[in-house]
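Thanks, everyone. I would like to walk you through one part of a model, slowly enough that the conventions stay clear along the way.

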Amino acid sequence: MSIRRLPPELINRIAAGEVVERPASALKELIENALDAGATKVAVRLHAGGLELIEVADDGCGMSQAEMRLALERHATSKLPGDAINQVTTFGFRGEALPSIASVSQLMLESRIRGPDGWRIEIDHGERLGEGPAALPPGTRIRVERLFDKVPARRKFLRSPRAEYGACLDAVKRLAMARSDAGFTLDHDGRRVLTLQPAEPPARVAEILSHELDRHGIGIDCARDGLRLTGVIGLPTFNRGMADQQFLFVNSRPVKDRLLVGALRAAYRDLIARDRHPIAALFVEVPLDEVDVNVHPAKTEVRFRDPTAVRGLIVGGLRRALDEESQRSAAREQAAAPVMWTSSESYARDLERAQLTPTAVREEQQPFGPVSFVPQGRAEAAIEPVLSYPLGVARGQVAATYIVAEAEDGLVIVDQHAAHERLVLERMRAARANAEGGGAVARQALLIPEVVELDEPDCDRLEGAADELVAMGLEIERFGPTAMLVRAVPAALGKTDVPSLLADLATEIAELGGPLSLRDKLDHVAATIACHGSVRAGRILSVAEMNALLREMEVTPRSGQCNHGRPTWVKLGHGEIEKLFGRK
Ligand SMILES: Nc1ncnc2c1ncn2[C@@H]1O[C@H](COP(=O)(O)OP(=O)(O)O)[C@@H](O)[C@H]1O
Ligand SMILES: [Mg+2]
């Protein structure tokens, strides 16, 4: 095999493969350069989602003719004055973007420093086409056309102009959040789609994120061990089907880092269904020597020196904020009930989907089959005044699944399984918190220990977690290669199908095998256990049982939403009822 040195055009082409995957990544590099040049205004123009044209004009420091030539050379950068790669505060520092983009497109670079006239250099797929004077205000303007025209392999993977436009818009938003002190405009196909004046970070974030976040957002500001976390997150009930509204920054650099995304997920665990995603804009500030930004060509991943501390700050900080807000969210849910009421169809779809997730219990699916449509409502006479209870007094049960109650200000409908599941989880949490404070989790010993057959890897997993499970009131031990012996279950559970609880727990532990902290794991496992201990949909309840459930919900934190983030109850106010009947 003979070794040869690659010609520079080919090296640039290879680098382009890493740095410029699609129009949005080229756009990101160009805007970053503008911001690094100290621009206070960045004007972006796109045609056909950037496939036909990407233009970025800035009012930054500009480049001299000599600098322009250098800028188009590989590994030429003005941003690494010394060798301290870990001290960079600029977006760029690798000196790869411009030559890479120029190697796979037709590129026009125009620039002017304060004083002399401007200059222009044109490059066609890596070859210098020409240069000459240019008329432009101080700053830089770059036009990129025919991107990937000569790179069929890349072209093949490009999506529709609409989809590419979506990605470009996302890139602009992320950088606009990172640098709220700069103004931005974005034009697409000749139409102005975004105008952002310089602003303070919270105002910028609010402007870009859904405006609904005014009502459904929680401000975050916490610090620990020299790390700081600021930003805003959405209430769990205000979630999305895609993770497209998660904006994460490390030292003002937009990242899509897996550790941070995972921490965000963990903070919402059991508040939100697995296939739903929270909304968040979070800014992590860490000392420069605690983070390495040079691990990814597009610099979207970072490496922390102490990942556990960063994760702890995020999970802990968000969790605390979410807990504090849980009361407020319940009140809002009440206000938003008529909306949920009318969107019951999508709600049912969510329910269905949630049942397909592994934590959902097989049994649950049955009541939503044809059986549940057999009328089963029962009504009982009012024996108690409704006045003093926010969730009212139970009047009956519908489809053996929903409790109907009368409150002073309206009609309340409770999803009995979702509500009860939540109560059990909160009970278990309280018991665990108590145990951590020196008390003990109440256990209910089985009169005859139960033997549960499982396959060997599942037994290994459960055995490995046995100590943690004891702390939650579940006492198990190995019983031969393919069986476990269960001696006690958490008292909070009541009567339980022990074999299916163990099977679910084993699956849970297998899935959580990642780099999660012990605490998170326990929380998740507790949710699985809670699901087993709760009243099933389809069970007939007595009026006393229903009222007991309502009363417990009223005093339990976070009882307004189930462990999958859906509401546990809705209220139809008198006013709404009157509207339904045209009385108002
Ligand atoms: N918009 C701009 N304004 C001023 N200088 C720029 C601009 N874009 C690029 N440059 C110069 O060109 C150099 C190379 O840019 P680039 O290839 O993106 O590498 P990097 O940003 O990693 O330094 C930059 O270091 C900078 O000096
Ligand atoms: Mg750059």
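Let me begin with helix 9 (residues 258–268), which lies across strand 10 (227–234), strand 11, strand 12 and strand 13, running at about 125 degrees to strand 11. Helices (H or I, at least four residues) and strands (E, at least two) are DSSP runs numbered from the N terminus, contact means heavy atoms within 4.5 Å, and axes are lines fitted to C-alpha atoms, for helices over the stretch in contact, with angles from 0 to 180 degrees between N-to-C directions.

This is a predicted model, in which local features need pLDDT of at least 70 and side-chain atom pairs count only at pLDDT 80 or more, while totals for chains, interfaces and linings use all residues. Residues are numbered from 1 along each chain as its sequence is written, chains are lettered from A and ligands numbered from 1 in the order in which they are written, and side-chain values use heavy atoms, with hydrogens and water left out.

Helix 6 (residues 161–178) lies across strands 11, 12 and 13, at about 45 degrees to strand 11.

The open sheet itself has five strands in the order 9-10-13-11-12, with mixed pairing, where two strands pair if DSSP finds at least two bridges between them. Strand 11 (residues 246–250) and strand 13 (residues 280–285) pair in the parallel sense over five bridges, and Gln246 stands opposite Ala280 of strand 13.

Finally, Phe249 counts as buried at 1% relative accessibility, and Phe283 is buried too, at 12%, buried being under 20% relative accessible area (1.4 Å probe, protein chains only).

Technical notes:
Buried < 20%, exposed > 50% of the residue type's maximum accessible area, 1.4 Å probe, protein only.
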